[in-house]
Amino acid sequence: MTDNDCATTKDAVDTMPTTKREGVTEDTRENGESKGTTTEKVPEAATKEFEHPEGGWGWVVMLAAMWCNGSVFGIQNAFGILYMSLLREFGSPDDEDLRFKTAWVGSISMGVIFFCSPIVSICTDLVGCRITAVAGAAVALVGLLASSFVSSLGAMYFTYGIVFACGCSFAYQPSLVILGHYFKKRLGLVNGIVTAGSSVFTISLPFLLSMLLDRVGLAYTLRALTVFMFILMLAGFTYKPLFPNPSVASKTGRRFPPMSKIFNIRIWKSLGYRIWAFGIPAALYGYFVPYVHLMKHVTEVFGENANKEVLLMCIGITSGVGRLIFGRVADYVPGVNKIFLQVSSFLVIGLMSMMIPLCRVFGGLIAVCLLMGLFDGCFICIMAPIAFELVGAQDVSQAIGFLLGMMSVPMTVGPPIAGYLRDRLGSYDVAFYLAGIPPIVGGALLCLIPWLEAKRKKKAFETEKEAVQTMLESKNFSKCPADGGSEDKSSDPESVI
């Protein structure tokens, strides 16, 4: 090889990686991976803005997000206590579908929280986590306060099921997104601590609600809960974003980005994300059933004097422990293999749901609830880390939003169907048996994701390797026309002179 050939090859090698990496960045964006490897020239200040502090103000944000998870889902998980009060407050002995109608209050509320999530994700991208969270907490406060003045289930569907839940949705999702601004290496652990907030509230709220309902009644109990929403408003002010806001004026002078940027379709180009976004909802058709109907089931089987609040406390305690343990474990599980933690969670949750009607001893029911809570914590705490792995930090807001939105259907219809079965069959046994099937089926579907992601990455690597070789060859060919000409001249007898 001549010196010119060596120089040409060196130039190609020196210039190729930058160009190639730019191409890879665009490819990985389409496939939903992280965009952290981009080589586009950006100001130094903008680069520093994306450095994860791994602490500092992030710890304050973590505590605020923890309060958000606790106040939103602590109240939702304790709905079984409110459910029994609603039966007494609005029920009629002659109504055969009483449990079916009353269960819709909690189901609509839980469903709306998730149904609004795609809209919340867009709002979060446009106006930021802070404004979205504070406004959502304010709406939730109004809805909860209005619920304390209603006198029928129909009105409760609107005030508690829609207004309160819609506000909770706008307050909740930014608490997941903002954590990715401050943490990366510790994201699994931090998510475990944050989601443990709902466990703390799930442990304490059943006793608090039972005491308040006995002493002051349903209306004043709901008014007391508005204090939690007011504190949630204050917590939202701590969400100081570090990533650039997409609504900042662009080079074209527009205030908001184009529609293609508002509705992020890139996340759906990832096959792994598509399976995840459909597999998780498929597993959740029976997920919320125990939280709504377990209290009534215990009363029917073990009598009015059974210490039913202990069961929710058991779920809450082990759920908190599970979120801390599995959140930390997730930090050591590479890439999308975190999915297998969710698969194991759904398997155990499904089996434990089927075990509930088989427990004729109260101690056995406690053991079931302990295991169910432990793996419930595992499932919840690693949702955000998996989303970051599948689509990258910049697209995670809408990735989580669309997932939660699709979760709204199974979370909504599950408890009313269980209540309907109870009204028609006279017991909850069949309802709990059926509630255990979807988690097992959905978990099996999720097993495909790591295999498909590994196959896709292998194909992308081979494509990249071929592109590098092609680029080197084209670079050598374009740089060496003179050498080719000299070879032709040397073959011509006249050119030797």
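**Helix H13**

I started with helix H13, residues 271-283. Helices here are DSSP runs of H or I with at least four residues, and strands are runs of E with at least two, numbered from the N terminus. I checked the length of H13 at 1.5 Å a residue: its 13 residues should span 18 Å, and the end C-alpha atoms are 18 Å apart, which agrees. The expected span is 1.5 Å times one less than the number of residues.

Next I looked up burial in H13. Buried means under 20% relative accessible area, exposed means over 50%, and partly exposed lies in between (1.4 Å probe, protein chains only). The buried residues in H13 include Tyr273, Ile275, Trp276, Ile280 and Pro281.

A note on the source: this is a predicted model, where local features need pLDDT of at least 70 and side-chain atom pairs count only at pLDDT 80 or more, while totals for chains, interfaces and linings use all residues. Residues are numbered from 1 along each chain as its sequence is written, and side-chain values use heavy atoms, with hydrogens and water left out.

**Helix H4**

I ran the length check on H4, residues 79-90. Its 12 residues should span 16 Å at 1.5 Å a residue, and the end C-alpha atoms are 15 Å apart, which agrees. H4 is mostly covered, with 10 of its 12 residues buried. Among them are Phe79, Tyr83 and Phe90.

**Aromatic rings**

Phe79 and Tyr83 came up again: they form one aromatic cluster with Tyr160 and Phe164. Rings of Phe, Tyr and Trp (its six-membered ring) pair if their centres lie within 6.5 Å; planes under 30 degrees apart count as stacked, over 60 as edge-to-face and the rest as tilted. I found a count of 17 aromatic pairs by this rule. One of them is Phe346 with Phe379, tilted, at 4.9 Å centre to centre and 45° between the planes. Phe346 lies in H16 (residues 339-355) and Phe379 in H17 (residues 362-381), so the pair ties together parts 33 residues apart in sequence. Phe346 and Phe379 are both buried.

**Salt bridges**

A salt bridge is a side-chain nitrogen of Lys or Arg within 4 Å of a carboxyl oxygen of Asp or Glu. The structure holds 4 of them.

- Arg422 meets Glu300 at 2.9 Å, N to O. Arg422 lies in H19 (residues 396-425) and Glu300 in H14 (residues 289-302), so this pair ties together parts 122 residues apart in sequence. Arg422 is buried at 12% relative accessible area, whereas Glu300 is partly exposed at 33%.
- Arg323 meets Asp376 at 3.4 Å, N to O. This pair links H15 (residues 309-330) to H17, 53 residues apart. Both Arg323 and Asp376 are buried.
- Lys338 pairs with Glu389, with the closest N and O atoms 3.3 Å apart. Lys338 is in the loop between H15 and H16, and Glu389 is in H18 (residues 383-391), 51 residues away. Lys338 counts as buried at 6% relative accessibility, and Glu389 as partly exposed at 34%.

**Charges over rings**

A charge sits over a ring if NZ of Lys or CZ of Arg is within 6 Å of the ring centre and within 35 degrees of the ring normal. Arg223 lies over the face of Tyr220, 4.6 Å from the ring centre.
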